[in-house]
Amino acid sequence: MNYPQIIILNGCRGAGKTSLARALQELLPQQYLNFSLDSFLQTLPASDLTSLQTAQPVQRQGHDLAQLVRAYHYALPGLLQAGCCVILDHAWCERIQKRELLTELAGYRCLLIGVHCDLAVLVEREAVRKDCPIGMAAWEYERVHQDMSYDLEINTMGISPEDNANNIYKYIQDGCILNAAIDSLENLIMLG
Ligand SMILES: Nc1ncnc2c1ncn2[C@@H]1O[C@H](COP(=O)(O)OP(=O)(O)OP(=O)(O)O)[C@@H](O)[C@H]1O
């Protein structure tokens, strides 16, 4: 089977991307690494990570969140060139970050998936978490799917991560069409 080299799950914080990524990793016969910005943030000094998660300024010299996001994107071709398959999850909200990600992935077989969930549910899920500032879900909700087109769109409400993973696997087994990453990149370049 012609598996995608990279599966991107783009959706708001709390939409269920990590749960879906884990279910998909278990289901797929091909091994995929689950790689997210959190994989990078976990390498920060613990107190800096706590500051980030509570929307406090990080005082330490050299801290640059935009640089970390760039590093996250730039690391991807290295993983793919080494032969790894990757499930990537994040809420890409800024046009420049969407363009940077998709530029790095041009030329790779990329399955781009939009992960949706109603705002009211996102706000409920956000309220019980301790690792992100309140209000981020609503901010992301307005931006995350802007200017993007997807190969596949899924909703995490009323359907389990395992069932959504099954639907994605079926899409891959049916010889999935992988046009959305390049279509989205062309659109983002045109928008400037
Ligand atoms: N399909 C689903 N149905 C119901 N609840 C779900 C579903 N998927 C995830 N959840 C719940 O929603 C919460 C957030 O899930 P998850 O961590 O997977 O989201 P996320 O999009 O990866 O968030 P983040 O971007 O912050 O890592 C968790 O409590 C999880 O149990």
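**Briefing: buried positions, annotated sites and helix faces**

Val 86 sits in strand S3, which spans residues 86-90, where strands (E, at least two residues) and helices (H or I, at least four residues) are DSSP runs numbered from the N terminus. The model is a predicted one, in which local features need pLDDT of at least 70 and side-chain atom pairs count only at pLDDT 80 or more, while totals for chains, interfaces and linings use all residues. Residues are numbered from 1 along each chain as its sequence is written.

- Val 86 counts as buried because it has 20 C-beta neighbours inside 10 Å; a residue is called buried if 20 or more other C-beta atoms lie within 10 Å of its own, exposed if 12 or fewer, and partly exposed in between, with C-beta atoms placed from the backbone.
- Leaving aside neighbours within four places in sequence, Val 86 is in contact with Ile 6, Tyr 32, Leu 33, Phe 35, Leu 76, Leu 79 and Leu 80, where contact requires that the C-beta atoms of two residues, placed from the backbone, lie within 7 Å.
- Val 86 and Ala 46 are 40 residues apart along the chain, and their C-alpha atoms are separated by 26 Å.

**Sites annotated in UniProt**

- An unreviewed UniProt entry lists Gly 11, Cys 12, Arg 13, Gly 14, Ala 15, Gly 16, Lys 17 and Thr 18 under "binding site"; the positions are given in the numbering used here, feature names are shortened, and annotations may be inferred rather than shown by experiment.
- Cys 12 is placed in the loop between strand S1 (6-10) and helix H1 (17-27), and is classed as buried because 27 other C-beta atoms lie within 10 Å.
- Apart from neighbours within four places in sequence, the contacts of Cys 12 are Ala 91, Cys 117, Leu 122, Ala 137, Glu 140, Tyr 141 and Val 144.
- Gly 16 also lies in the loop between S1 and H1, and counts as buried with 26 C-beta neighbours inside 10 Å.
- When residues up to four places away in sequence are not counted, Gly 16 touches Val 115, Cys 117, Thr 156 and Pro 161.
- For "active site", the unreviewed UniProt entry lists Asp 38, a residue found in helix H2 (residues 37-41) and classed as partly exposed because 14 other C-beta atoms lie within 10 Å.

**Surroundings of the ligand**

- Of the 14 residues around the ligand, those that come nearest are Gly 16, Lys 17, Thr 18, Ser 19 and Thr 156; a residue is taken as near a molecule if its C-beta atom, placed from the backbone, lies within 6 Å of it.
- Helix H1 gives the most to the shell around the ligand, contributing three residues.
- The shell divides into three nonpolar, seven polar and four charged residues, with Ala, Val, Leu, Ile, Met, Phe, Trp, Tyr, Cys and Pro counted as nonpolar, Asp, Glu, Lys and Arg as charged, and the others, Gly among them, as polar.

**Helix H1**

- The buried residues in H1 are Lys 17, Leu 20, Ala 21, Ala 23 and Leu 24.
- Seen down the axis of H1, its buried residues fall within an arc of 165°, so they line one face of the helix, the arc being that of the directions from the helix axis to the C-beta atoms.
- The elements that cover the buried residues of H1 include S1, strand S2 (33-36), S3, S4 and helix H8 (161-173).

**Helix H9**

- Helix H9 (residues 180-191) has twelve residues and reaches 16 Å from its first C-alpha to its last, close to the 16 Å expected at 1.5 Å a residue, where the expected span is 1.5 Å times one less than the number of residues.
- Ala 180, Ala 181, Ser 184, Leu 185 and Leu 188 are the buried residues of H9.
- Among what covers the buried residues of H9 are helix H5 (95-105) and strand S4 (110-116).
- Gly 192, whose phi is positive and near 85°, follows H9.

**Positive phi outside glycine**

- Ala 55, a residue other than glycine, has a positive phi near 60°; Ala 55 lies in the loop between helix H3 (46-53) and helix H4 (65-81) and is exposed, with 11 other C-beta atoms within 10 Å.
- Asp 147, also a residue other than glycine, has a positive phi near 70°; Asp 147 is placed in the loop between helix H7 (136-143) and strand S5 (152-155) and is partly exposed, with 14 other C-beta atoms within 10 Å.
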